Amino acid sequence: MAWEEWDQLKASASERASTGMQLNGLPDDERPTTPSTGDLKVTQKDLAAVGDHAYKLYNRLWPEARQAVIPGTDKAAASLTSQEFALGGALAHVSNRWEKQLKSLMDACAHISNHMDFSTKTHQDDDERIRRSMSSIYELNQGFDDSYAPAGAPNSVYGEKKDKDDDKGDEKQGS
């Protein structure tokens, strides 16, 4: 591409879109009317609901997708094969592929359900760890904050200060 052509393309693009580049955006008429901050927010309730739906789907797949379809298909495949129809082998192949794909889907549902349980537990543990960390930072901050004790007065965060003379008196009495 020649430089002149490149400059011409840049100029025409800047004329069309003077507001700048917009990636992955919806046209104005298709944008949702609710304001969004753009932050992803997931609650424990959301994670639990996803995990619950995946678990329920997992439990429904085998009886509804396997037992309702495969036995009749296998019986038909065996019958066609015994009558020397080539369709019997093809139908058996379809049945095997269906069962294999069904097991793969069930594994994915189990993985999602387990992952949501794990995520919920992990986030709860993280929240607790952060809460403990923040409370200890707050106490530490009190020790450095002048507003907790007037200048020259001891900060109550550290407790009462013992006199060194009292410690010496205790040692003499113990001897």
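1. Threonine 73 sits in helix H3, which covers residues 70-82. In this predicted model, threonine 73 is buried because its relative accessible area is 17%, and the cut-off for buried is under 20%. Once neighbours within four places in sequence are set aside, threonine 73 is in contact with Leu91 and Ser95.

2. Alanine 76 also belongs to helix H3. Its relative accessibility is 31%, so alanine 76 counts as partly exposed; that class lies between the 20% limit for buried and the 50% limit for exposed. The C-alpha atom of alanine 76 is 7.2 Å from that of glycine 88, a residue twelve positions away along the chain.

3. Tryptophan 3 is part of helix H1, residues 3-16. With a relative accessible area of 65%, tryptophan 3 is exposed.

4. On the chain as a whole, the secondary structure consists of five helices and zero strands. The pattern along the sequence is accordingly written α-α-α-α-α.

5. The protein chain has 175 residues, of which 13% count as buried; threonine 73 is buried. The chain exposes about 15100 Å², and carbon and sulfur atoms supply 55% of that area.

6. As for contacts in the protein chain with a separation of 6 or more, 58% are between residues 24 or more positions apart.

How values were computed: Residues numbered from 1 in each chain as written. Predicted model: local features only at pLDDT ≥ 70, side-chain atom pairs only at ≥ 80, totals over all residues. Heavy atoms only, no water. Helix = DSSP H or I, 4+ residues; strand = E, 2+ residues; numbered from the N terminus. Buried < 20%, exposed > 50% of the residue type's maximum accessible area, 1.4 Å probe, protein only. Contact = heavy atoms within 4.5 Å. Areas by Shrake-Rupley, 256 points an atom, 1.4 Å probe, with all protein chains shown as cover.
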